[in-house]
Amino acid sequence: MTGASAPVFYMHNNFQYVIIGAGSAGLQLASLLLKAPKNLVGSILLLEKSPVHENKTWCFWDSIEHKYTGLVKKTWGSTQFSAAGFSKSENTGPVVYQYVESGDFYDFYMESFKSQERITVRYGVADRVSCEGEQCFVMLGDETICCEYIFCTDPTLLNRNDEVSDGVLQSFLGWQVTFESPVFNADCATMMDFEHSIAGETNFMYVLPFSPYEALVECTFFAESVKDEAIYKRQIETYITKKYGQDYQLVREERGLIPMRLLRDNQLPVNRIIPIGLAAGCIKASTGYSFTRNRRYAKHIYQQVLEEKEITAPKWKKRFLFYDSLFISILKHQPGVMQKILVQLFRKNKISLVLKFLDEDTNIFEEAIIFSTLPKWPFLKSLLFR
Ligand SMILES: Cc1cc2nc3c(=O)[nH]c(=O)nc-3n(C[C@H](O)[C@H](O)[C@H](O)COP(=O)(O)OP(=O)(O)OC[C@H]3O[C@@H](n4cnc5c(N)ncnc54)[C@H](O)[C@@H]3O)c2cc1C
């Protein structure tokens, strides 16, 4: 990561900050940094590999009013968890589950950056990054860009792929379907439905109803490898038919592959190349969610900028990393028991408390209550596998 010899300059480019990646983390950070006074944030280069943004469904829990309220397409006041013989739905107020289309998010910020002279958006692939003292360098082919700090979402540029612990993959296929008649409860998002899942696997359906007639129905696996495409399709077809009938039309498909893994020992570099997003471990290992973590992480960096401090990478709370490591270990070594753990988790706790726990907002007493409701043996066994 750190260059041994001085870089060759073919073209001179200077910025105060370079953000590599105009995704969830990069856009949130760029938009926040632009709120800082000009004497603190003079110039930003936002470097993005591709001019084509691939749309994704980004969801998160939050109160109704927040920074991105205008971009929220749909909210759900209640959340459901189901498994064979058990179903629970609960109003999660004052927090609601919210959906933003990543394409809307991308278009909105890219458009707003056009009128802000402090930010330059450029398409190109960063090949290498380095840091020497207080100077950082981003290499794009023959060109070198100089800056004070680099914020980087690409783990391969930071050699961070070697620093991650073993994990599993969250893989999913979603079908957005419409029905002629009303079949969905449009105010209730189903986080997990294990009712028709494959035995021995951590496999569930995730359902986001956009109206009584239309929903995104997603078949998800937490597993060591990606399954055959036919398996996801068969699971979705079976689920839709059994739950809602056959009279549906497929509007669009969505695919996802999200790493569920931890950065080893929470070690983050201490130079001026600050990892963000995927590279910083912002994707929560046990859930695959990152939108809220990217926002909190960006806020932390922004605060350091405002306080004119040396910017350092925020650290994750150690006890949540520990919980996530147990969860990942169980998924990896005892996949057949995860469904039982999740059923207990949702059956014995308020859904709002579970969501608070997943967002890492609980205190240690609430966490003790949650763990006391879960089967003990899988956790003890997972400690042996660590
Ligand atoms: C279908 C789908 C649905 C999802 N749903 C949710 C959800 O509901 N909630 C949630 O929290 N998360 C969700 N996720 C996960 C979420 O998209 C990621 O966790 C999040 O985007 C990670 O943020 P990031 O900024 O690190 O990466 P990205 O958003 O992927 O952005 C990284 C950007 O960097 C660019 N880039 C990479 N390398 C370079 C380079 N060398 N030079 C220049 N540019 C580069 C890429 O082109 C990309 O645009 C979903 C993912 C998928 C695929």
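Visitor: At roughly what angle do the axes of α1 and α4 cross, and within what distance do they come?

Guide: Two packed helices are described by the angle between their axes and the distance between the axes. In this predicted model, the axes of α1 and α4 cross at roughly 35° and come within 9 Å. The crossing is right-handed.

Visitor: Which residues of α1 and α4 meet?

Guide: From α1 the contact takes Ser-24, Ala-25, Gln-28, Leu-29, Leu-32 and Leu-33. Facing them in α4 are Phe-291, Asn-294, Arg-295, Ala-298, Lys-299, Ile-301, Tyr-302 and Val-305. By class, this contact has nine nonpolar, three polar and two charged residues.

Visitor: Now the strands. In what order do the five strands of the open sheet stand?

Guide: Strands of a sheet pair through backbone hydrogen bonds, either parallel or antiparallel. Here the order is β9-β3-β2-β13-β19, and the pairing is parallel. The edges are β9 (119-123) and β19 (273-275), each of which pairs on one side only. On average, neighbouring strands of this sheet are turned by 20° against each other, direction ignored.

Visitor: How many bridges join β13 to β19?

Guide: Three bridges join them, and the two strands run parallel. To find the place in the structure, look for Phe-151, which stands opposite Ile-274 in β19.

Visitor: Into which domains is the protein chain divided?

Guide: A domain may be written as several stretches of the chain, as domain 1 is here: 12-56 + 101-164 + 264-306. Domain 2 covers 168-260, and domain 3 covers 318-385. The C-alpha centres of domain 1 and domain 2 lie 32 Å apart. Their contact takes four residues from each of these two domains. On the side of domain 1 that touches domain 2, two residues are nonpolar, two are polar and none is charged.

Visitor: How many residues surround the ligand, and which are the closest?

Guide: The shell has 31 residues, and the closest are Gly-21, Gly-23, Ala-25, Gly-277 and Ser-290. Sorted by class, the shell has 15 nonpolar, eleven polar and five charged residues.

Visitor: Which elements give two or more residues to this shell, and which gives the most?

Guide: The elements are α1 (24-33), β3 (44-48), β4 (57-62), β18 (248-260) and α4 (291-306). The most comes from β4, with four residues.

Methods. Residues numbered from 1 in each chain as written. Predicted model: local features only at pLDDT ≥ 70, side-chain atom pairs only at ≥ 80, totals over all residues. Domains from an automatic or database assignment. Contact = placed C-beta atoms within 7 Å. Nonpolar A, V, L, I, M, F, W, Y, C, P; charged D, E, K, R; others polar. Near = placed C-beta within 6 Å. Pairing = 2+ DSSP bridges. Axes fitted to C-alpha atoms, helices over the stretch in contact; angles between N-to-C directions. Left-handed = near helix turned anticlockwise from the far one by under 90°.
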